[in-house]
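Hi,

Here is the structure I promised to pass on. Have a look, then read my notes below.

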Amino acid sequence: MAASFHLSLPCTSIKATKEFYVDLLGASMGRHAQNWVDINLYNNQITFTKAGKFDFNYPSYTFEGAILPAFHFGVILDTETWQMVLARLHSKKAELQAESVFLKDKTGEHHSFFVKDPNGFTVEFKCFAESGAMFSV
């Protein structure tokens, strides 16, 4: 079953959040007001609400030798779209984290990279070598 998700997160700056998601990542802005904004990230709704200072104390973990953020969210894209997003971020000189291929030549092989938004949230972009392998074991 294909369905969009909704996620609501705090942010420290609506302006910086819009610049990151719309200008850098190429997402579109939906409904918004002075203290909140809806971002359309590949038909998924992320609502950012201006909040006071917040702190996420989260550890990292190691997977296949890469140190990855334990607290993150992301989108799974087809290979062509994933490559376009990666090229866009490289062209804008965005700082990427853990750009890698995971589970090489195994079930679930996928390419991933992470980028941090201005609120400290880590966003993962992932594409699978085989489109139906997302939940394969």
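Which residue in β9 is the bridge partner of S100? It is S112. Keep in mind that this is a predicted model.

**The sheet**

That bridge belongs to an antiparallel pairing: five bridges join β8 to β9 (residues 110–116). Both strands sit in an open sheet of four, ordered β7-β10-β9-β8, with mixed pairing. β7 (73–76) and β8 (96–102) are at the edges with a single partner strand each, so one side of each has no neighbour in the sheet. On average, neighbouring strands are turned by 15 degrees against each other, direction ignored.

**The loop between β8 and β9**

E109 lies in this loop. Its relative accessible area is 13%, so E109 is buried. A polar atom of the E109 side chain lies 2.8 Å from the backbone nitrogen of D105. Beyond its neighbours within four places in sequence, E109 contacts several residues, including V101, F102, C127 and F128.

**The aromatic pairs**

The count is five aromatic pairs. F48 and F121 make a tilted one, with 6.4 Å centre to centre and 40 degrees between the planes. F48 is in strand β4 (residues 45–50) and F121 is in the loop between β9 and β10 (122–128), so this pair ties together parts 73 residues apart in sequence. F48 is buried at 0% relative accessibility, and F121 is buried at 1%.

F113 and F125 form a stacked pair, because their planes are at 20 degrees, with ring centres 5.3 Å apart. F113 is in β9 and F125 in β10, 12 residues apart. Both are buried.

Finally, ring pairs link F20, Y21, F48 and F121 into a cluster.

Best wishes

Notes:
Residues numbered from 1 in each chain as written. Predicted model: local features only at pLDDT ≥ 70, side-chain atom pairs only at ≥ 80, totals over all residues. Heavy atoms only, no water. Pairing = 2+ DSSP bridges. Helix = DSSP H or I, 4+ residues; strand = E, 2+ residues; numbered from the N terminus. Axes fitted to C-alpha atoms, helices over the stretch in contact; angles between N-to-C directions. Buried < 20%, exposed > 50% of the residue type's maximum accessible area, 1.4 Å probe, protein only. Polar contact = N/O pair within 3.5 Å; in protein donor to acceptor, adjacent residues only side chain to side chain. Contact = heavy atoms within 4.5 Å. Phe/Tyr/Trp six-rings, centres within 6.5 Å; stacked < 30°, edge-to-face > 60°.
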